[in-house]
Each structure stands twice: as structure tokens, then as C-alpha cells.
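Here are my notes for your first look at this model. Keep the structure open and follow the points in order.

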Amino acid sequence: MAQIEILETVAPDKVSDFLKAAGYRVTQTEQNGLPLLMSASQGIGFQVRFGNPTEGKDEAFRDLTFACVLRVEGALPEGVVNSWNAARRFSRLSQQGAFLVLEMDVLLLGGVTESHLHACATVWDRLLQDFLLHLRQSAAANTNVSDAPEADQTTEAPAQNEAAE
């Protein structure tokens with residue numbers, strides 16, 4: 001019987017390789033001194049940000065966050081953020097100035113398998129699909145038009161305080 005590897009930390013290179021094996025294109029860069037992976041699903045860009053580094057291990061982290069940042073042009077339909085957060089699990093939506101930020105945290109605390117990481121990427125992909133549908137439905141409900149609010153994708157995250165990262 002094959003032994004299953006339990007991961008308590010993960011390196012950006014391993015996450016990048018894992019996402020590539022799942023069919024994503026991935027670009028590795030850096031933001032504020034931390035590694036950052038950039039990718040897309042169904043034409044919607046997202047980032048993988050790394051959180052708490054493990055002491056004594058180069059480029060090993062105990063958690064990561066999938067994040068999609070959209071710049072909103074014009075008025076955002078009333079209740080978009082609250083209705084998303086009330087109806088969805090595993091992610092959170094916030095408005096930060098002219099940006100909508102969808103995030104999903106992945107913790108490795110206590111150890112996880114590669115299958116768990118694959119499941120998290122699958123959940124994230126589904127959340128992105130649901131997010132776009134949610135925006136379209138919210139726009140249609142508020143304007144009786146089937147088009148979503150004008151939203152431009154951006155690779156720049158809104159300013160966040162260090163405690164929130």
C-alpha cells in the first residue's frame with residue numbers, strides 16, 4: 001500500500017507545479033517580499049498569496065489564499081457583498097474602495113494531503129464561476145438588465161494593512 005504524504009507546509013514552487021498539473025497557466029512573481037502566483041480560470045485572473053512562513057525552511061508556508069480582485073466601474077448593486085457572504089461557504093467577498101475582492105484561505109495546519117489541495121483548487125474554480133453568476137444576477141435584479149456591472153480585472157491588490165495579510 002502506497003504511503004500518503006502529509007503536508008504541513010508548502011512551497012510556492014510546489015503549488016505552482018500542482019496548479020500546472022491541474023491545467024492552469026501560472027506565473028510566479030513577488031509582492032511585498034512574498035512570493036505570489038498569478039493564474040486564471042475561465043478568463044478570470046486570480047492570485048495565490050502565501051501567508052505564514054515556516055521558520056527554518058526556505059520558501060515554506062503554513063497557509064495560502066486564493067484571491068480574485070476586480071475593479072468595479074460605476075455603482076455596485078446594493079447588497080452584492082452581503083448576499084454573497086450569507087449564501088456561500090469557504091470564501092469571503094469584500095469591497096475595498098473601487099475593488100471587489102473574493103478570497104479563500106487554505107490552511108495546512110495539522111497536515112493535509114495533495115488530494116486536499118486539489119479539492120481546494122476545484123472549490124476555488126467553482127467559486128469563481130459562481131461569483132460571476134452572482135454579479136450578473138445582482139445586476140439583473142437591480143437594473144432589469146442581464147449584463148453584469150462593468151468590472152475590470154486588475155492584478156493589483158488594493159492596499160491592505162499588514163494585520164489583514
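Which residue of E6 is the bridge partner of Cys68? Find the pair before you read on.

1. **The answer, and a caution.** Leu102 in E6 is the bridge partner of Cys68. Remember that this is a predicted model.

2. **E4 beside E6.** Strand E4 covers residues 63-72 and runs antiparallel to E6. Nine bridges join the two strands.

3. **E5 beside E6.** E6 also pairs with strand E5, residues 92-96. These two run antiparallel as well, with five bridges between them. Look for Gln95, which stands opposite Leu100 of E6.

4. **The turn.** E5 and E6 form a hairpin with two residues between the strands. Check Gly97 there: its phi is positive, near 65 degrees.

5. **How enclosed is E6?** Strand E6 spans residues 99-107, nine in total, and seven of them are buried. The strand is therefore largely enclosed by the rest of the structure. "Buried" here means a relative accessible area under 20%.

6. **Aromatic rings.** Now turn to the ring pairs. A pair of aromatic rings is described by the distance of the centres and the angle of the planes. The count for this model is six aromatic pairs.

7. **Phe46 and Trp124.** The ring centres of Phe46 and Trp124 are 6.0 Å apart. Their planes meet at 70 degrees, and over 60 counts as edge-to-face, so this pair is edge-to-face. Phe46 belongs to strand E3 (residues 44-50), and Trp124 to helix H3 (residues 114-143). The pair therefore ties together parts that lie 78 residues apart in sequence. Both Phe46 and Trp124 are buried.

8. **Phe50 and Phe61.** What is the angle between the ring planes of Phe50 and Phe61? It is 45 degrees, with the centres 5.3 Å apart, so the pair is tilted. Phe50 sits in E3, whereas Phe61 sits in the loop between E3 and E4. This pair thus ties together parts eleven residues apart in sequence. Phe50 and Phe61 are both buried.

9. **Arg126: buried, exposed or in between?** Arg126 is another residue of helix H3. Its relative accessible area is 49%, which makes Arg126 partly exposed. The exposed class starts only over 50%.

Key: Residues numbered from 1 in each chain as written. Predicted model: local features only at pLDDT ≥ 70, side-chain atom pairs only at ≥ 80, totals over all residues. Heavy atoms only, no water. Buried < 20%, exposed > 50% of the residue type's maximum accessible area, 1.4 Å probe, protein only. Helix = DSSP H or I, 4+ residues; strand = E, 2+ residues; numbered from the N terminus. Pairing = 2+ DSSP bridges. Phe/Tyr/Trp six-rings, centres within 6.5 Å; stacked < 30°, edge-to-face > 60°.
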